[in-house]
Amino acid sequence: MTKTLNNKAWLLVLPVFLIVAFSAVLPLMTVVNYSVQDTFGNNQFFWNGVGWFQELLDPSTDLGGRFFDSLWRTLLFSAIILLIEVPLGIAVALAMPREGWTVALSLVLMALPLLIPWNVVGTIWQVFARGDIGLLGWVVNHLGIDYNYTGDPLDAWITIVVMDVWHWTSLVALLCYAGLKSIPDAYYQAARIDGASRWAVFRTIQLPKMRRVLLIAVLLRFMDSFMIYTEPFVLTGGGPGNATTFLSIDLVKLALGQFDLGKAAAMSLVYNLIILAICWVFYTIMTHGDARKEGVEA
Amino acid sequence: MARITLDHLAHAYKPNPQGPHDYALKEINHVWSQGGAYALLGPSGCGKTTLLNIISGLVRPTRGRILFDDRDVTDLPTEARNIAQVFQFPVVYDTMTVRENLAFPLKNRHVPRDKTAQRVEEIARLLDLTSVLDRKASNLTADMKQKISLGRGLVRPDVAAILFDEPLTVIDPHLKWQLRSTLKEIHRALDITMIYVTHDQTEALTFADKVVVMHDGAVVQTGTPDELFERPAHTFVGHFIGSPGMNILPCQVEGATAFLGSETISLQRRYRTLNHKEQVELGIRPEFVQIQPKGAGLPVRIRRIDDIGRARIARVEMNGRMMAASVPENLSVSGDEASLRLDPRHIHIYADGHLVAGEALGGQAA
Amino acid sequence: MTLVLESVSKKVGASVHIGDVSLTLERGSLNVLLGATLAGKTSLMRLMAGLDVPTSGRVLVDDKDVTGWPVQKRSVAMVYQQFINYPSLSVYENIASPLRVAGLASSEIETRVRDAAKLLKLESYLDRKPLNLSGGQQQRTAIARALVKRADLVLLDEPLANLDYKLREELREELPRVFAASGAIFVYATTEPSEALLLGGNTATLFEGRITQFGPTPQVYRKPQNLVTARVFSDPPLNTLTIRKSGGMATLSTGGQARATDVLASVPDGDYTMGFRAHHLGLEPIGSDEIAIPATVSVAEITGSESYVHLDAGGHRFVSLVPGVRRLEPGTSITAYLDPRHLFLFDQDGRLAAASTTQKAA
C-alpha cells in the first residue's frame with residue numbers, strides 16, 4: 001500500500017522533473033559541451049578538452065587575467081554590498097514602528113524600491129546622477145565636489161553601490177522586521193527586569209531570533225549582488241575602462257561580443273561553481289548552531 | 001526584600017473613566033508583607049494581570065500609589081524596581097549556557113566576576129541546575145527553562161519580590177508537582193515576597209499562604225486556603241474554589257430555618273430578617289453533602305455519578321436544579337432516587353452574593 | 001464504523017514516534033489517549049486521521065484497508081488545543097463551514113447548525129464573531145464545527161488545555177453528554193489523569209510512542225498492568241519504592257521491614273517495585289496492619305479541604321494526600337502509613353505481579 005502511494009507521488013513530481021530537465025539540465029549540458037570545444041562559427045567544433053579551464057584559471061594568460069580581474073571586482077562588490085546592506089537593513093528594521101498606523105505606511109514605503117524593475121533602476125540612477133540634468137549629480141557638483149560617474153572609476157563604484165543599497169536594503173530590512181515581530185513581549189520584559197542594556201537586548205534576544213531570516217537575507221543578497229548585471233550595464237556599461245566590468249558583464253562581452261562560446265561556457269561553469277561554493281560556506285557557518293540544537297531535540 | 005503596599009490603586013485602560021464599569025481594576029487597598037507567598041486567583045479578564053503589570057511597572061495605574069516598603073515606586077520603570085518575574089512561557093536567552101543565563105542580571109549590573117560565579121553556583125544548587133550549568137539553555141525542557149527564569153530573579157541579592165504569571169501553563173502534570181514544591185522550598189529558604197497569578201485554584205491554594213480572589217476587576221475575598229474553602233465570603237468564591245464548586249441554591253431564611261421549596265433545613269445560626277429585595281441563597285460544598293438511600297433528607301434524582309479515582313461525585317437534581325454531592329465509599333446506589341444529607345455546620349447563607357454572618361445559636365458556636 | 005490500527009509504527013529518521021501500536025476503536029466509543037507531552041498522542045492522532053502515513057502496519061476502517069488514504073477521503077473531524085475558527089465569519093457560519101464545503105442544502109445546514117449550537121450552548125452567540133467570545137465559547141464553536149460534519153471519527157487534541165480552570169471543568173462536564181449524542185468514534189488526547197477519569201470511556205496510556213495499556217478507564221486506573229501505566233495514570237505522581245520479600249517479611253528500600261500481608265502475601269519471594277497513590281499514604285493509622293514508613297516533611301501544600309504532604313523517606317520522595325488542613329513544618333519527623341490493601345507490586349520487568357482486588361474507590 002505504501003508502495004503504490006510512493007509510485008503515485010513520483011508520477012506527480014514527474015512533470016516538474018521534465019521541466020527542470022528541459023529548462024536547466026539540458027542547457028547546462030550544452031554549456032558543458034561547449035566548454036570542452038573550440039568553435040570558429042559555421043558549426044565547426046574542435047575538441048579542446050580542459051584547455052579553456054586551464055587558461056581560465058591561469059592568471060598569466062589573457063583570458064585568465066581578465067577572469068580574475070572581474071572575479072575580484074565582483075567579490076569586492078558583493079563584500080561591500082553585504083557589509084553595508086545587512087547592518088543597515090537590521091538598523092532600519094529595529095527603527096521601524098511595531099504598532100499603529102505607521103506600520104502599514106512604513107511597510108509600503110520600504111517595499112517601493114523592490115517593485116521597480118532592474119533596468120528601470122539603472123535608468124533612474126543614470127539620469128539622477130548625471131552632472132548636467134540629474135538632481136544628485138548637479139547638487140554634488142555644486143557643493144564643490146568633483147563627481148562624474150562616467151569618467152571616474154571611484155565615482156562609478158560609489159554610484160553603483162549607492163544604487164544597489166537604495167534598491168535592496170529594504171529587502172533585508174523587511175526580512176529582519178518579520179524576524180523581530182515574532183519575538184514575544186515577555187522577552188523584552190524579562191530583559192528589562194534583568195537590567196539588560198539596549199545593546200545586550202540586541203545581542204542576546206533580537207540577533208539570535210533574527211538569525212534564520214538573516215541567513216536568507218545574506219544568501220539572497222550575496223547571490224544577487226554576485227550576479228549583478230542589468231543595473232551597471234545600464235548605468236556604466238562596465239566602464240569607465242573596465243572599472244565596473246563584473247563577471248556577468250564580462251561573460252556577456254565574451255559570449256555575445258566576441259562570440260568566444262567555448263571560453264564563455266567554461267567561464268560560466270566556473271562562475272556557477274563559485275556561487276554554489278560560497279553559498280554553501282555561508283549556509284554552513286550560519287546554520288552551525290542550529291544543526292547541533294536540532295540533533296539534541298530530535 | 002520588601003513589603004508591598006497598594007494604596008487606593010485603580011486602573012482604567014480607557015482615557016477618561018467615568019463610572020466603575022470603565023475600570024479594569026477597581027479600587028484596591030492592600031498590604032503584602034515582606035516574605036509572604038501570595039496568589040492572585042481569578043478567571044481571565046478579572047484584572048489579575050493588570051494588577052501584576054502595575055506591580056512590575058509595565059502599567060502605570062490611573063489612580064493611587066504603589067509602595068515598596070516606604071518608597072513610592074508608582075512612577076519607577078520596571079528595571080528600577082528590584083522585582084523579578086517568571087512568565088507563562090519560559091524566557092531564556094537561547095544563545096547562552098545555563099550558567100551565562102543565570103549570570104546575566106549580575107553581569108548587567110557589573111557585579112565582580114568571582115562574586116557572580118559564586119552566586120550562580122549557589123542558586124544552581126538551590127534549583128538543582130548544577131548538572132546542566134554548561135549546557136545551552138535552548139536545548140532544555142520547559143520545566144528546566146522555567147527554573148532558569150526563576151534563577152535569573154533569585155540570583156540578584158537585592159530582589160524585592162518575585163512575580164509569577166501562570167508559570168506552570170506549559171509544564172506536564174507530573175513535573176508540575178516537582179516544580180511547585182521547589183517553589184515552596186525556595187520561598188521558605190530565601191524569605192522573598194512572592195506573588196503568583198493564576199486561574200488554577202489548585203496552584204493558587206497550594207502555593208500561597210494568602211490567596212486574593214478577584215472577580216470583575218475587584219477583590220472579592222482575601223484569605224488563607226482553608227478560609228476560602230470553609231467560609232467563602234461571596235458566592236463567586238464558593239463557586240470558583242473547589243472542584244466541583246459550592247452548591248448554591250435559592251432559598252428563604254427565617255431565623256434559624258431555611259426553606260428550599262417545600263423542604264425545611266434547620267441551621268446552626270440565626271439570621272437577621274432578610275429583605276425581600278435581596279436574593280437569598282444557601283451555599284454548601286459538595287464535600288459536606290452526602291448522598292444516601294431514599295428516605296430521610298432532601299429527595300433528589302441522581303443524574304450521573306463521576307468516578308474521579310479516589311472518590312465518587314454524584315450529580316443530582318432537586319426541583320430542577322443541579323447539585324453535586326459526595327458518594328460514601330461503601331454506598332451502592334440503585335435506581336435514580338436518593339436523598340441528600342447536608343451537614344448543617346457547613347451551610348452558609350448569602351444575600352445578593354455576600355455572606356451573611358448570622359449569630360451562633362446558644363452553646364453551638366461554630 | 002470500527003477503526004483498527006494493526007501494528008502501526010511511525011519513524012522519522014532514526015527516531016520512533018509511534019512504535020507498534022495495535023488498537024481497535026468501536027463505533028460510538030470515547031477513547032482517551034493519556035500521556036505526557038511528546039508521548040506520541042498527536043502523532044497517533046495524525047495517523048488515525050490520515051494526515052500521516054505509517055512507516056509500517058495497517059489502518060483499517062470497517063475491515064477496509066485505508067492505509068495511505070489521504071485525510072480528504074476519510075470521514076474525520078479534528079479539534080485542536082488552539083481555538084481554530086475563521087475570524088471573519090460569524091459563529092453560525094463557522095459551524096456551517098464544513099457543510100457548505102460539502103454542498104448541503106441550506107435548510108439542512110440550518111437544522112444541523114442549530115442542533116449543534118443547542119448541544120454546545122451557543123444559541124445566543126450565533127451572530128457573533130469568534131474573537132468577541134470567551135475562550136470557552138471559541139472552543140465550543142470549534143467542537144460544534146467538528147460535530148456538525150457527522151464525521152465517523154472525531155479527534156480532539158488537548159481541546160481544553162488553553163482554557164481557564166473553571167471553564168475547563170464546565171466543558172469537561174458537558175462533553176460526555178455531547179459525545180453520547182453522536183455515533184462517532186471519539187479520540188481525546190490529554191496529559192491529565194483526572195481528565196481521563198472524568199471523561200470515562202476507554203483509556204489508552206501512552207509512553208514513548210507505545211501504548212502501555214488500553215481498556216475501560218476505571219479499570220486501567222485501578223488495575224494498571226505495568227509500572228509505566230501506573231505512573232502515567234497517577235496525579236499526584238505514583239509513589240514507588242523497592243522491596244525484597246522473603247518469608248513472611250518484606251524489606252523496604254526506605255529502610256525497615258513490614259509484615260507481608262494482603263497484596264504482599266500473594267506473591268512469591270523476590271524483589272519488587274511497590275507503587276501506591278498519594279491518597280493511600282496516610283499520616284495516621286486507620287487499622288492495625290498498615291505499613292509504617294518513617295519520613296520527614298519537605299513541603300506541605302494545603303488546598304483548603306485537603307493537604308498534599310511531600311515526604312522524604314530514606315531518599316525516596318513521596319506525596320501523601322490527606323483530608324483536612326495539615327500545617328506541617330518542613331523537617332518535621334513523621335510516620336506515614338501505607339494501606340497494604342491498596343498497593344501495586346510490579347516485578348523486575350515492570351509487569352504487575354499483584355494488586356488489591358477491591359474494586360471500590362481505590
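This is a predicted model: local features need pLDDT of at least 70, side-chain atom pairs count only at pLDDT 80 or more; totals for chains, interfaces and linings use all residues.

Modeller: As background, most residues other than glycine have a negative phi, and most peptide bonds are trans. Against that background, B:His110 has a positive phi of about 55° although it is not a glycine, and its place is the loop between helix 2 and helix 3 (113–127) of chain B. B:His110 counts as exposed because 8 other C-beta atoms lie within 10 Å, and the cut-off for exposed is 12 or fewer. C:Glu158, also not a glycine, has a positive phi near 45°, and this residue is found in the loop between strand 7 (153–157) and helix 5 (165–180) of chain C. C:Glu158 counts as buried because it has 20 C-beta neighbours inside 10 Å, where the cut-off for buried is 20 or more.

Turning to the peptide bonds, the one from B:Ser243 to B:Pro244 is cis, with omega near -5°, and B:Pro244 lies in the loop between helix 8 (235–240) and strand 11 (247–250) of chain B. In chain C, a cis peptide bond joins C:Asp235 and C:Pro236, with omega about 5°, and C:Pro236 lies in the loop between helix 8 (227–232) and strand 11 (239–246) of that chain.

Finally, to the contact: 20 residues of chain B are in contact with 18 residues of chain A. On the chain B side, strand 6 (83–86) and helix 2 (98–108) each supply at least two residues, and by class this side has ten nonpolar, six polar and four charged residues.

Note on methods
Residues are numbered from 1 along each chain as its sequence is written. Chains are lettered from A and ligands numbered from 1 in the order in which they are written. Two residues are in contact if their C-beta atoms, placed from the backbone, lie within 7 Å. Helices (H or I, at least four residues) and strands (E, at least two) are DSSP runs, numbered from the N terminus. Ala, Val, Leu, Ile, Met, Phe, Trp, Tyr, Cys and Pro count as nonpolar, Asp, Glu, Lys and Arg as charged, and the others, Gly among them, as polar.
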